[in-house]
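Me: Got a model open here and want to go through a few details. Can you take my questions one at a time?
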Amino acid sequence: MKVHISLNVKDIGESVEFYQKMLGIKPLKFIDPRENEKVKNGYAKFDVADPPLNLTLNEGKFDAGGSLSHLGLQVASTEDVLKFKQNWINAELLTVDEFGVDCCYANQDKTWVRDPDGNEWEAFVVLSDLAPETSDASCACSTKVSEHIAKVVDAGAAECCTSAAGDTKTAASCC
């Protein structure tokens, strides 16, 4: 079994560049209408082996998205979350971390990225479940992340994080 997600995107080239970095693979199919005037709609398909995912991007005009909250990749451990984070930083994607956070009735470690159209993706691990009757862990976590990412992007993401080697990174990771 494989999950299929089809996302509408405003700029196919920009979105393909983001998802290549996020997923670490090139698309199987990529049709950019700017490269061939006969193509009416931009299209890209990523076939991800792990986790099994068929992700398609369809370029089109739209003002606002639907009721999508966020998207996620559930992994087995905090170490796996950190691997995603490092891969995204290496690909120069802006990341936001939440470790030991209570969200959606579970304690989780997670890192986030946002695509060019504002869709937020998390790589996360559930550390423990929280009982709904004893927890105030609502599912508004991506709203906080969105606000943080917007603040960093608005500030130009200048010198927001220092790497383990001590050098300052820009627009790579802000935690």
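Me: What does the side chain of H4 reach at 3.1 Å?
Reply: The backbone oxygen of N54. That is a polar contact, meaning a pair of N or O atoms within 3.5 Å, where one must be able to donate a hydrogen and the other to accept it, and residues adjacent in sequence count only if both atoms are side-chain atoms. This is a predicted model, where local features need pLDDT of at least 70 and side-chain atom pairs count only at pLDDT 80 or more, while totals for chains, interfaces and linings use all residues. Residues are numbered from 1 along each chain as its sequence is written, and side-chain values use heavy atoms, with hydrogens and water left out.
Me: Which residues is H4 in contact with, leaving aside neighbours within four places in sequence?
Reply: N54 and T56, with contact meaning heavy atoms within 4.5 Å. The C-alpha atoms of H4 and T56 are separated by 7.8 Å, though the two residues are 52 apart along the chain.
Me: Why does H4 count as partly exposed?
Reply: Because its relative accessibility is 47%; buried is under 20% relative accessible area, exposed over 50%, and partly exposed in between (1.4 Å probe, protein chains only).
Me: Switching to the sheet: in what order do the four strands run?
Reply: β5-β8-β7-β6, as an open sheet with mixed pairing. Strands are DSSP runs of E, at least two residues, numbered from the N terminus, and two of them pair if DSSP finds at least two bridges between them. The edge strands, each pairing on one side only, are β5 (71–74) and β6 (96–103).
Me: How many bridges join β5 to β8?
Reply: Four, and the two strands run parallel. G72 stands opposite E122 in β8.
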